[in-house]
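Let me put the structure up, and then I'll walk you through it.

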Amino acid sequence: VKLGDQVMTLAVKNGLPVAEICREVSGVVLSRQVVPLQQWAGALASALVSHAAENAQAAAALRRLVIGS
C-alpha cells in the first residue's frame, strides 16, 4: 500500500507474516523497517485515516465501509 511517501508491504516468508514500512521519495527507498504486524496494521490504519481526512469523498466512503451503511 502506498500512501504519500510511505510504502507498507505485507508478505509471507517461511510461513510467517513479514510487515515492512518504507519511506520512498521519487522511487528511491530512503528507509526500510520491518515491524510487528500489529504496529504495521496500526500505521496503515493511521495513514488511511489521514488520507481520508484530506479527501472528503474517500472519507465518506471509509465511513460507509466502517459503519456499514
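Let's begin with Ser 26, which sits in the loop between strand 3 and strand 4. This is a predicted model, by the way, so keep that in mind throughout. Ser 26 has a phi near 50°, which is a positive value in a residue that isn't glycine. Why bring that up? Well, most residues other than glycine have a negative phi. Ser 26 is also exposed, with a relative accessible area of 75%.

Now over to another loop, the one between strand 2 and strand 3, where you'll find Asn 14. Again we have a positive phi, about 55°, and again the residue is not a glycine. Is Asn 14 buried or exposed? Its relative accessibility is 80%, so it counts as exposed. Strand 2 and strand 3 make a hairpin here, with two residues between the strands.

Four strands make an open sheet, the order is 1-2-3-4, and the pairing is antiparallel.

Let me go through some of the pairings. Strand 1 and strand 2 are joined antiparallel over two bridges. Lys 2 has Val 7 in strand 2 as its bridge partner, and Leu 3 stands opposite Gln 6, also in strand 2. These two strands form a hairpin as well, with two residues between them, and Gly 4 in that turn has a positive phi of about 65°.

How many bridges join strand 2 to strand 3? Eight, and the two strands run antiparallel. One of the facing pairs there is Thr 9 opposite Glu 20 in strand 3.

Let's stay on Glu 20 for a moment, because it counts as buried, at 16% relative accessibility; the cut-off for that is under 20%. So what is around Glu 20? Leaving out neighbours within four places in sequence, Glu 20 is in contact with Val 7, Met 8, Thr 9, Arg 32, Gln 33, Val 34 and Trp 40.

On to the helices. Helix 2 covers residues 56–67, which is 12 residues. From its first C-alpha to its last it reaches 16 Å, close to the 16 Å expected at 1.5 Å a residue. Just after helix 2 comes Gly 68, with a positive phi of about 90°.

How do the helices meet? Helix 1 and helix 2 pack at an angle of about 130°, and their axes are 5 Å apart. That makes them oblique to each other. On the helix 1 side you have Leu 48, Ala 52 and Glu 54, and these meet Ala 56, Ala 58, Ala 59 and Leu 62 in helix 2. Sorted by class, that contact has six nonpolar residues, no polar ones and one charged.

That's the tour. Happy to take questions.

Conventions: Residues are numbered from 1 along each chain as its sequence is written. This is a predicted model: local features need pLDDT of at least 70, side-chain atom pairs count only at pLDDT 80 or more; totals for chains, interfaces and linings use all residues. Side-chain values use heavy atoms; hydrogens and water are left out. Two strands pair if DSSP finds at least two bridges between them. The expected span of a helix is 1.5 Å times one less than its number of residues. Buried means under 20% relative accessible area, exposed over 50%, partly exposed in between (1.4 Å probe, protein chains only). Contact means heavy atoms within 4.5 Å. Axes are lines fitted to C-alpha atoms, for helices over the stretch in contact, and angles run from 0 to 180 degrees between N-to-C directions. Angles under 35 degrees count as roughly parallel, over 145 as roughly antiparallel, 65 to 115 as roughly perpendicular and the rest as oblique. Ala, Val, Leu, Ile, Met, Phe, Trp, Tyr, Cys and Pro count as nonpolar, Asp, Glu, Lys and Arg as charged, and the others, Gly among them, as polar.
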